[in-house]
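Reader: Please go through some of the labels used for this model and say what each one rests on.

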Amino acid sequence: MTSTTLPVKPLTIGIVAGEVSGDALGADFMQKMNAIHPHIRWVGVGGTQMAAQGLDSVIQMSRLSVMGLVEVVKHLPDLLRAKKEILTAFDDAKIDVFVGIDAPDFNLRLGKVLKPKGVYSVQYVSPSVWAWRENRIHGIKAATDLVLCLFPFELDVYAKHEHPAVCVGHPLLAKLSADTRAQADKRAELINALPQFTDLTKLMTAKQVICLMAGSRTSEINAILPLLIDSAKLLANQQADCQFILPVVSQVHAQLVQAYCQTHAGELADSIHIVHNDGQFLYTSNLGLSQACMNISDVVLLASGTATLECLLLERPMVVVYKVSAMTYAIAKRLVKIPYVSLPNILSHQQIGQAIVPELIQADATAMAVSEQAQIILADTTKQTTKLHQTAKTLRADSHANPAQAVLDGFYKNKAVL
């Protein structure tokens, strides 16, 4: 069924995102869906970007932003209350479709309740069944009618288990690409967009700008920020005239990071520029704040996650770090069957069988190791950017489908069968 033949009967769609990257993905999906179907009521959980597309929020998204097995256990009572509140709101709204944006541990539990009630249930972002615990596919089949995959290699496991899945690509593919302008022009644009941070003018005369990204969750910041600050200290001693930029998602996180830097960064604190704009976009090119900070940098030191994909598409050199609690890591290490944690390396491994960016995981994620890898990259950034360009080019060639159209086609096909 094409968009030109869709009925105009109003639809009520429940949608749940649990973190900042999910908010961006959910907003992109909502925008595409609103462009196809003229009468949609949105209810669920999301952030500022989803609210701008018409979401009626049930609870604060921050209640779902919990990372790691051990960390989830600590927040379990509130997560269970949140689940009950969301399901009650969905029942009251009589939703036709449920779309879980990433956060599979939470959203698949919602789908498992909703699908038997006749709600067409979709998981947008496949759980990593291709990487670990493939037997989870049975729970996915019980909780969903359709899975929207971001990457082509994810389809194989769904074909193997005969479950509907479509590769829609990541929406960032359409938004981000390498910026070939001079670094001075890009830095001036960022400075002009953030006039409240007057000391950013130091970036214009810096020999090198290094971006530090500790993640979008408080738990990630607590785990990764000390490592990045210690790495920055070592780099500042080795690289003449460096400046560091550290984007965060909100003023609350900015205060948390600022307090840590004032206590632990010493003299380097004046060279670490903490910036935020509460999730608002900056430029006509639609770059977000963290993306703009990556874009002006000579190397990015960042936690593993969606930001590594952004860095890949912007073709900015990076060092990836990954640290969680010892128990979470010990459990994950026994279950994961792929050798990499970052999306650039996972994609490159699927394409050419090798990694393209350095990954420093758990005990290997030391300030000395991060600093050494960053210095290797700074000595010749083209070695990594060439590999990033080829990986991004191949990914773009393999990603096509419209996620909104895929959901509507599946929903009306399902209704016809019923």
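Author: First a term: buried means under 20% relative accessible area, exposed over 50%, and partly exposed in between, with a 1.4 Å probe and protein chains only. The model is predicted, so local features need pLDDT of at least 70 and side-chain atom pairs count only at pLDDT 80 or more, while totals for chains, interfaces and linings use all residues. Residues are numbered from 1 along each chain as its sequence is written, and side-chain values use heavy atoms, with hydrogens and water left out.

Reader: Why is Val125 called buried?

Author: Its relative accessibility is 11%, under the 20% limit, so Val125 counts as buried. Val125 is found in the loop between β5 (120-124) and α6 (137-143); helices (H or I, at least four residues) and strands (E, at least two) are DSSP runs, numbered from the N terminus.

Reader: What makes the phi of Val125 worth a remark?

Author: Phi is positive, about 100°, although Val125 is not a glycine. Most residues other than glycine have a negative phi.

Reader: What makes Gln362 buried?

Author: Gln362 has a relative accessible area of 12%, again under 20%, and therefore is buried. Gln362 lies in the loop between β13 (359-361) and α17 (367-379), and its phi, near 50°, is also positive in a residue other than glycine.

Reader: How do you know that β9 and β10 pair?

Author: Two strands pair if DSSP finds at least two bridges between them. Four bridges join β9 (residues 242-247) to β10, so the two strands pair, and they run parallel. Phe244 stands opposite Ile272 in β10.
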